[in-house]
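Here is a short briefing for a first look. Start with the sequence and the 3D view, then read the points below.

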Amino acid sequence: MQPFILRASSRSPEVTFQPADKKLWITGESYPENVTAFYVQLETALKEYFTGAPESLEVEIALRYFNSGSAHALLNILRMLDKYAQKGCVITLIWKVFVDDDIGREFAQDIAEQAPSLFLTIAEIEEESL
Amino acid sequence: MCLMSSSKKNPASPASASKGQKNEFYRQHIQPVLQDERDSCFHHCGGFSVAGLTKAMHELRGCLVDFPAKFQFNLNAVFIELYQNIEAYGLKLPDGNSEDAFGCITLSGRLSGDDSTENYLRLQAINITCRSDENTLRDRLSTLSSLDRKELAARYRAQLASLAPISALARRRTGLGLLDMARRVNGQFSFTLDPIDDDHCLLILEAEFYDTPLIPLKKG
């Protein structure tokens, strides 16, 4: 499977999915003009990846902020990943938030807890690194 | 008759919307409740469109460029929800010439105190809603403004859990937007809902951010 990449815009995050490395990154800001159309592309790529019955996937999310529509779309993707995790794929979710950003941490926890079969790590990072 | 902005057929440009704001409805109902534009660093009044958010965000960022990132992120996130709320659910000016939802968002505040606890920034959003939605909206906003931080978090989690998978119907309500805003605001999150004629109400949402760093705002 080929790498799947969506370049960042002023309103949408950079999405980089490297199936060979079993890694997915979502970074930047997320309030796309059409949330559904944006994230459905990633969903399609992930579904294709899982047809190969992979053993694992590492997902890293580092979003400065995301709107409520994006929260719904991320929830959708994590729920989908949760189903594959329940079938045996080891899926790790690393959600990066700022040091001392309690609100960012809470949002990450709330969304991630809807996908309990993923191995969640919330990592704190400095402002400059996001 | 009261029609939601989502029923628009031929969206007009924000420029034509701003011309349309100089009408009687605007002068009578909107102008009196607007914060003074001279006291604000950011002011957008006119048509709210999907594409218009990009430009508005660019201008808002310009005002806050010297603020710490975490402070910017929460304020920006609340601004996005306020803007999208007006764009998706607000009404056009009843006697305006634009088909876009009409609204005003202003960022102003006090940044002159001796210490940061005396300073704040305030986002004020004004839009027109259907009178028939008044009671539902009032109940919802009253409940939200009475919840403490833990209760808001619990409500947000419950709402997330209740959401069905996203569908191709892109403009579905998630019920998360107001909750998201209320959680991000560390000061007052308040509302005013005033009937202005038989068909329309004016909704004013205000979000205040306390502990504001003493950094001069730049005009957007």
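Helices (H or I, at least four residues) and strands (E, at least two) are DSSP runs, numbered from the N terminus. From the N terminus on, chain B runs α-α-β-α-α-β-β-α-α-α-β-β. This is a predicted model, in which local features need pLDDT of at least 70, side-chain atom pairs count only at pLDDT 80 or more, and totals for chains, interfaces and linings use all residues. Residues are numbered from 1 along each chain as its sequence is written, while chains are lettered from A and ligands numbered from 1 in the order in which they are written.

**Chain A**
- Chain A has three helices and six strands. Along the sequence they follow the pattern β-β-β-α-β-α-β-α-β.
- The radius of gyration of chain A, taken over C-alpha atoms, is 14 Å. The globule rule (2.2 Å times the number of residues to the power 0.38) gives a close 14 Å for 130 residues, so chain A is as compact as a globular protein of that length.
- Its C-alpha atoms fill a box of roughly 40 × 30 × 25 Å along the principal axes.
- Buried residues make up 38% of the 130 in chain A. A residue is buried if 20 or more other C-beta atoms lie within 10 Å of its own, exposed if 12 or fewer, and partly exposed in between, with C-beta atoms placed from the backbone.

**The sheet of chain B**
- Chain B holds seven helices and five strands.
- Five strands of chain B form an open sheet in the order 1-2-3-5-4, with antiparallel pairing. Two strands pair if DSSP finds at least two bridges between them.
- Strand 1 (40–48) and strand 4 (189–195) of chain B stand at the edges. Each has a single partner strand, so one side of each lacks a neighbour in the sheet.
- The twist averages 15° from one strand to the next.
- Strand 2 (residues 101–110) and strand 3 (residues 120–130) of chain B run antiparallel and are joined by eight bridges. There, B:Arg110 stands opposite B:Tyr120.

**Helices of chain B**
- Helix 3 (residues 52–64) of chain B lies across strands 1 and 2 of chain B, at about 175° to strand 1. Axes are lines fitted to C-alpha atoms, for helices over the stretch in contact, and angles run from 0 to 180 degrees between N-to-C directions.
- Helix 5 (residues 134–146) of chain B lies across strands 3, 4 and 5 (200–209) of chain B, at about 160° to strand 4.
- Eight of the eight residues of helix 7 of chain B are buried, so this helix is largely enclosed by the rest of the structure.
- B:Ile30 belongs to helix 2 (residues 24–30) of chain B. B:Ile30 is buried, with 21 other C-beta atoms within 10 Å.
- Leaving aside neighbours within four places in sequence, B:Ile30 is in contact with B:Cys104 and B:Ile126. Contact means that two C-beta atoms, placed from the backbone, lie within 7 Å.

**Where the chains meet**
- The contact takes 28 residues from chain B and 26 residues from chain A.
- Helix 4 (69–89), helix 6 (149–162) and helix 7 (177–184) of chain B each supply at least two residues of the side that touches chain A.
- The largest share of that side, nine residues, comes from helix 4 of chain B.
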